[in-house]
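Q: I have a model open and want to learn how to read it. Can we go through it feature by feature?

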Amino acid sequence: METFEEVISLITYYFSFIYPLLYLKGFVSNGKAFKIFTIYLLVISVIQLFSKLVIKVWELDSNLFLSHYYFIFQFVLLSLFYVQLLRFKWIYYVLGLVMVFLAYQYINDPSLYFRYNAIGMFLTHVLIVAYALVYLYKSLDGKKEFTIVNIGIFIYLLSSSLIFASGNLVFNIDVPESFSALLIYINKFLFFVFQILIFTEWYRNYRKRKVIPK
Amino acid sequence: MEAIVGQENQMLTLIVLAIGLMLLMSLAIVLFFYFSRRRVIKAELDKANLEIDHQKEMLQSIIITQEEERKRIAQDLHDAISSKLNVVSLNANILGEKDITSVEANKIGESIYKVTSTVLENSRRIAHDLLPPTLEKFGLQAALEELCEELIETQKFNLTYELNYTLGFLESNAELHVFRIVQELMNNTIKHSEANDLNLSVNTEENLLSLQYQDDGKGFEMESMRAAKGLGMSGIEHRAIILEADLTIQALEMEY
């Protein structure tokens, strides 16, 4: 008998391949924001897949290095996503500055690649959360696209930022196994909520193919 | 050793608590925005409803005005034409009788002629009141002049007027609105004001048309004027709205 935790773990894993497919169906007929978000979902699913492959097939010790790809791709794609939603050009500049900062971090300390980049992760998460908050405010007047996904991004990134930030702490000091498992479980649960919101957005707004007026 | 484990546990509990707090905060913020949005939408809805109510009121007063106008026209037609034509028809009937002398016939013929000419005159006047041909043919300036001359001819009022309207300044539709406004103002003066002296001035400067009308009547209450929907004043207001004009009405409060 599987526990609730394992069920959620399986659901979040397998469903992260289904959402990109659902969104890919409407890829051509929808706008730029939709396309960027679809790419984001694809990237997430590929990273999920790799994180299993790395451990099970290639039998490496740790899949920790994938976390760098995860948060950097997430930051780049969601920044572009919010440029589309918010129409703020300065997001590009912020994106550029953060990329310069991250590049400096890895050049300065290459061993960081095998650890958790807590500062980078926290910084990128906070910025995306800030964009999400601005978009929440903007969606006060009238109907805007991607409001549900925006709520998902806001809740998931804000609450999980602390989990990722405490990653190094948890791995370095002698923490009981049960505790890191608890953190991973909380993260999975939050991600599950995020996925539900992604699904709701698709179900309510993009399920039916849009008719393109000729 | 136990102390260190205790410390670590405390820290870990703190982390979990902080994560929980973050989650709560994000939920609170989302809920806050959700309810604010509902409120904003409700406020907008209320505003739209208010606008609809206002439009309904306007529509109602337009309909009332229209009905009043119809009533007036019906009254005019009945008094000035139908009743007179009745007389003509009666007289013509008498003419058809056999035992009638030529003197009588002449007399009746003369009366028929008189009555028909008054009917003609009346029907011309009614048509003229409905839409003065001068306005269409010669424009606002001429139509207003004619209106003023007609009022002076009644010899009941001292009217001074100054008309400096540039031909073609307004479209013919707008000219009609201005004309109707003046007509209504004069009607009000004639019907209600008990005034002696009137003053009308129309001026066009660059891109501005100003119209001023004044009488020394007994005045009226602004409130009751607003309440009396379908009467002349609301018509003036509506026309001013259509013309996108600034309208100021000043009244001496009525004395009792």
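Q: Let us take the contact between the chains. How many residues does the contact take from chain B and from chain A?
A: This is a predicted model. The contact takes 26 residues from chain A and 17 from chain B.

Q: What area is buried between chain B and chain A, and what share do carbon and sulfur atoms give?
A: The buried area is about 2000 Å². Carbon and sulfur atoms give 85% of that area. On the chain B side, 30% of the area buried against chain A comes from I19(B), F33(B) and R37(B), more than from any other three residues.

Q: Which classes of residue make up the side of chain B that touches chain A?
A: That side has 13 nonpolar residues, with two polar and two charged ones.

Q: Let me zoom in on one residue. Where is S159(A) found, and is S159(A) buried or exposed?
A: Start with the element, then check the accessibility. S159(A) sits in helix α6 of chain A, residues 147–165. The cut-off for buried is under 20% relative accessible area. S159(A) has 0% relative accessibility, so S159(A) counts as buried.

Q: Which residues is S159(A) in contact with, leaving aside neighbours within four places in sequence?
A: Chain A supplies L190(A), and chain B supplies I19(B), M22(B), L23(B) and S26(B). I19(B) is also one of the three residues named for the buried area of chain B.

Q: What lies 2.4 Å from a polar atom of the side chain of S159(A)?
A: The backbone oxygen of I155(A) does. There is also a C-alpha separation to note: S159(A) and N187(A) are 8.6 Å apart by C-alpha atoms, and 28 residues apart along the chain.

Q: Now the packing. How many residues has the largest nonpolar core, and which have the most contacts inside it?
A: The largest nonpolar core here has 67 residues. Those with the most contacts inside it are Y23(A), F37(A), F81(A), Y82(A), F146(A) and I153(A). Elements that give two or more residues to this core include α1, α2, α3 and α6 of chain A, together with α1 (2–95) of chain B. The largest share, eleven residues, comes from α3(A).

Q: Which residues is F81(A) in contact with, leaving aside neighbours within four places in sequence?
A: F81(A) is in contact with A33(A), I36(A), F37(A), F146(A), V149(A) and I153(A). Another core lies apart from the largest one. This other core has 26 residues, among them L151(B), L159(B), F179(B) and Y213(B).

Q: How many helices and strands are there in chain B, and how do the elements run from the N terminus on?
A: Chain B has seven helices and three strands. The order is α-α-α-α-β-α-β-β-α-α. Of the 256 residues of chain B, 27% count as buried.

Q: Which residues of helix α7 of chain B are buried?
A: In α7(B), residues 232–242, the buried ones are G232(B), M233(B), S234(B), G235(B), I236(B), H238(B) and A240(B). Just after α7(B), E244(B) takes a positive phi of about 55°.

Q: Why would residues three or four places apart in an α-helix point the same way?
A: An α-helix has 3.6 residues a turn, so such residues point the same way. In this structure, R70(B) and E67(B) meet in a salt bridge at 3.4 Å, N to O. They are three residues apart in helix α1 of chain B, so about one helical turn separates them. D76(B) and R72(B) also meet in a salt bridge, at 3.3 Å. Those two are four residues apart in the helix, again about one helical turn. E69(B), R72(B) and D76(B) are linked in a network of salt bridges.

Q: Where are E194(B) and K218(B), the pair that links distant parts of the chain?
A: E194(B) is in the loop between α5 and β2 of chain B, and K218(B) is in the loop between β3 and α6. The closest N and O atoms of their salt bridge are 3.6 Å apart. E194(B) counts as exposed at 63% relative accessibility, and K218(B) as partly exposed at 40%.

Key. Residues are numbered from 1 along each chain as its sequence is written. Chains are lettered from A and ligands numbered from 1 in the order in which they are written. This is a predicted model: local features need pLDDT of at least 70, side-chain atom pairs count only at pLDDT 80 or more; totals for chains, interfaces and linings use all residues. Side-chain values use heavy atoms; hydrogens and water are left out. Contact means heavy atoms within 4.5 Å. Buried area is the accessible area (1.4 Å probe) that two parts lose on being put together, summed over both. Ala, Val, Leu, Ile, Met, Phe, Trp, Tyr, Cys and Pro count as nonpolar, Asp, Glu, Lys and Arg as charged, and the others, Gly among them, as polar. Buried means under 20% relative accessible area, exposed over 50%, partly exposed in between (1.4 Å probe, protein chains only). A polar contact is a pair of N or O atoms within 3.5 Å; within protein, one must be able to donate a hydrogen and the other to accept it, and residues adjacent in sequence count only if both atoms are side-chain atoms. A nonpolar core is a set of buried Ala, Val, Leu, Ile, Met, Phe, Trp, Tyr and Cys residues joined through side-chain atoms within 4.5 Å. A salt bridge is a side-chain nitrogen of Lys or Arg within 4 Å of a carboxyl oxygen of Asp or Glu.
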